[in-house]
Amino acid sequence: MSTHAPTLRTYYRQRKANQWHKIPAEAGDPGAIRPFLAGNWKMNMIPRSGVALAARIFDLCRDIRDVEIGFAPPYTGLSALADYIKPDFLRQEYGLGRNVFLLAQDTFFESKGAFTGEISSEMLASIGVDRVIIGHSDRRTNLGKYFGFGSSVARRLTREFLLQEVELLRVREDVDPTVLAAIEHLTAEARQDILKGLARFMEAELRERAGESDEAIQKKIQACLTHGLQIILCCGENREARQTHETFKLLDRQIRMGMEAVSPRIAGDVIIAYEPVWAVGEGAQPAKIEQISEVHGFMRNLIMDLYGEQVAATLRILYGGNVKPDNIADIMNIPDVDGALVGGASLKACDFARIIRFGLGQAGTGA
Ligand code: PEP
């Protein structure tokens, strides 16, 4: 539980002496910033369980209007939840305002066509999705290993494969002669065990790295904006980048690339989520308050460089990575934090309700 004074729920943000500060605001003031607490359910919950979970959370959060609440079920749960969270119903049943939002966990950037299994942003908008999570670390890196990119490349890295390739490349006119010479050399000289070692190395590298690129993320953002969907752009460094002091360089690139698709007119509506990959998921430790504070300050200053002070003051930056009822108050006390993207704890009604209450409320069973 927090050791600080009660955390501000609704506020303005001001810059004084090169620091950002939260200034108290009246709940309901149209110009004030409302923190956003979003639950990412990942690949959990069939539609009716999702509706039941949301209902239990609303019950535990009656009359809360000063923060925004979001749910990101898997694609299959979106329609059922969209039907359930109609504003009039939520107002009458639970005293909630227009502060509940439906989130998708991803989208595809093309609008239609032969993309089996993908869902376009127009499709999401048509069923009532408000916001879309883009660039979650599960998609940027973690899922690469399941798609087998690494193994298919590694499988092809054999002497026989290279011999065939050389034959094909020799008859092509567009092949760089140095590439051809390198492959011919490798094929003539290389021993099978060297090729195998190289293949193993490449497989491991690709498993680690294969995933969504900044370019794909940029296109997804563009597609969402075209269809009036707000975006939650996830950024974050992995353990290796933190250890090699590459964190800020990497975040700078992720944010600049993502925001390239966003005009100054709508930049203030974008939500950025800082999710250090090493702090996300079961068994990981959340980032320390000083680490969150340092990164969020960096990100807000970057936004100021890109879009000016007014956008930087209002754009919301969430933290994600093992947010729980007992650390949310301290996290929300950080001047540059405007909410949280919550994974595991968002699947437990009591825990997520307490996060929405910034750690206060019943202890509950976590069920
Ligand atoms: C997430 O997956 O976005 C996340 C923050 O997960 P967790 O809260 O479980 O660390």
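Colleague: How do the residues of the lining of the second largest pocket divide into nonpolar, polar and charged?

Modeller: This is a predicted model, in which local features need pLDDT of at least 70 and side-chain atom pairs count only at pLDDT 80 or more, while totals for chains, interfaces and linings use all residues. Residues are numbered from 1 along each chain as its sequence is written, and side-chain values use heavy atoms, with hydrogens and water left out. Ala, Val, Leu, Ile, Met, Phe, Trp, Tyr, Cys and Pro count as nonpolar, Asp, Glu, Lys and Arg as charged, and the others, Gly among them, as polar. On that basis the lining holds 5 nonpolar, 8 polar and 11 charged residues.

Colleague: What surrounds the ligand, and which residues are closest?

Modeller: A residue counts as near if one of its heavy atoms lies within 4 Å of the molecule. Here 13 residues surround the ligand, with Lys42, His136, Gly281, Gly343 and Gly344 the closest, and this shell comprises 3 nonpolar, 8 polar and 2 charged residues.

Colleague: Where do polar atoms of Lys42, Gly343 and Gly344 lie relative to oxygen atoms of the ligand?

Modeller: A polar side-chain atom of Lys42 lies 2.4 Å from a ligand oxygen atom, whereas for Gly343 a polar backbone atom is 2.8 Å from an oxygen atom of the ligand, and for Gly344 a polar backbone atom is likewise 2.8 Å from a ligand oxygen atom.

Methods
Polar contact = N/O pair within 3.5 Å; in protein donor to acceptor, adjacent residues only side chain to side chain.
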